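Let's take a walk through this model together, from the overall fold down to single residues. Keep the viewer open as you read.

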Amino acid sequence: MEVKWKAAALVLALWCCCDALRVTSVSPRRGSVNGATRLTIQGDGFAQERQFQLNPVDDMFGNRVTLVSNTLSVPCDVERDSTHSNQIMCYTRPMPYDYYEIHVSVDGVPIPDNSMCRYSWLCSFTTVWYLTPTIESLSPVSGPPGTLVTVYGRIFTDVYGSNTDLSSNGINARFLRSYMGGMPCELLKPNSDERYNLQLVSESSQMGYMSCKMTGTFVGHQNLSYILDADFGRSQAVKKLYRVSALGKLSMFQTFAEVTGVFPSEGSIMGGTLLTAQGRFLTKLINQHALSLEACRVKFRVWTMTESHARLQNTR
Ligand SMILES: *[C@@H]1O[C@H](CO)[C@@H](O)[C@H](O)[C@H]1NC(C)=O
């Protein structure tokens, strides 16, 4: 039954729009090497994304956009809400510096080359350094969750959010979001329109500073990135910012738990001493065995634990 439905939908789709299936333009045709550039693909006969939800797992249905270089083929993630029969919007993924041809298929049917733009270079996308925002330094590089961090790099703009002002250097771009790990890093002070810090080095520069406050309580290794709108996309950090963690993973920032006090502060190393540790994010800390107790060659048994208090007993 379901197969029949799908077949019927496919026939209907082909019958309705196959004669007009084509791509007329793609913009922008250059963008960030680290993804999140939003491509707008204009044309005719694209699938109405919402109509084809008969089987969401079925990859054939809907619009598929792929960027293809001589050596790689990378999907562009379609934004359903902004896609209709004359327009597809999709977000690029991180891709090496290269020239990519754009391929589109609608309900499993690839749009043939002779229906793809008047000249093939009009249906292309090139990742370029000069539209890639960068992170050239980060400070601090470690701290408890909630730390305010400052990035220096090619940030292009000193405008944040949805306002349409030009940046003070004349560039038409805005900060959309910033992330530390999977969580937002907030550019605005709580309950206000005031930014922590977002400024260009000078009015003629693309370099500048952005500060944001981490959200979330994750303790461990994380990366920071930010996203600009227009042709720009996601930032890329210079390699020297990555440190190797004890587990061999690369990261730019390490959150840690804070221990503000241990009582009593002296006791026997022979074991049996009951300790209370006070601080923040202690459960994360102790669960990850990050406490440098091991380094001191002292073993502890954990009796009780909350975010702010832990009762431990020296067992050696
Ligand atoms: C941080 O980014 C680097 C480079 O892209 C990557 O290799 C690493 O796995 C990332 N680390 C984390 C914790 O996500």
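What percentage of the 316 residues in the chain do buried residues make up? Buried residues account for 30% of the chain, where buried calls for 20 or more other C-beta atoms within 10 Å of the residue's own, exposed for 12 or fewer, and partly exposed for a count in between, with C-beta atoms placed from the backbone. Please keep in mind that this is a predicted model, in which local features need pLDDT of at least 70 and side-chain atom pairs count only at pLDDT 80 or more, while totals for chains, interfaces and linings use all residues. Residues are numbered from 1 along each chain as its sequence is written.

The chain holds two helices and 28 strands; these are DSSP runs numbered from the N terminus, helices being H or I with at least four residues and strands E with at least two. Of the contacts in the chain with a separation of 6 or more, 64% are between residues 24 or more positions apart. A contact here has the two C-beta atoms, placed from the backbone, within 7 Å.

Strand S4 (residues 63-68) pairs with S7 in the antiparallel sense over six bridges, pairing being defined as at least two bridges found by DSSP between two strands. Thr 66 has His 103 of S7 as its bridge partner. S7 also pairs with strand S9 (residues 124-127), again antiparallel and over three bridges, and there Glu 101 stands opposite Ser 124. Strand S8 (residues 109-110) runs antiparallel to S7 and is joined to S7 by two bridges, with Pro 110 in S8 as the partner of Ser 105. The hairpin of S7 and S8 has two residues between the strands, and in this hairpin Asp 107 takes a positive phi near 50 degrees.

Further along, the loop between S8 and S9 contains Cys 117. Cys 117 is a residue other than glycine with a positive phi, near 55 degrees. With 19 other C-beta atoms within 10 Å, Cys 117 is partly exposed. Compare Asn 191, which lies in the loop between strand S15 (183-186) and strand S16 (197-200). Asn 191 is not a glycine, yet its phi is positive at about 50 degrees; Asn 191 is exposed, with 6 other C-beta atoms within 10 Å.

Now for the interior. A nonpolar core is a set of buried Ala, Val, Leu, Ile, Met, Phe, Trp, Tyr and Cys residues joined through C-beta atoms within 7 Å. The largest such core has 25 residues, and Val 149, Phe 175, Cys 185, Met 210, Leu 224 and Leu 228 touch the most other members. Strands S13 (148-154), S14 (175-180), S17 (207-214) and S19 (224-228) each supply at least two residues of this core, and S19 gives the largest share, four residues. Apart from this core lies another of 24 residues, including Phe 46, Cys 90, Met 95 and Phe 125.

Three strands form an open sheet with mixed pairing, in the order S12-S24-S18. Strand S12 (142-143) and S18 stand at the edges with a single partner strand each, so one side of each is left without a neighbour in the sheet. S18 pairs with strand S24 (residues 253-255) in the antiparallel sense over two bridges, and Gln 222 stands opposite Phe 253 in S24.

Finally, two cis peptide bonds deserve a look. One joins Ser 27 and Pro 28, with omega about -10 degrees, and another joins Ser 139 and Pro 140, with omega about -5 degrees. Pro 28 lies in the loop between strand S1 (22-27) and strand S2 (30-31), while Pro 140 is in the loop between strand S11 (137-139) and S12.
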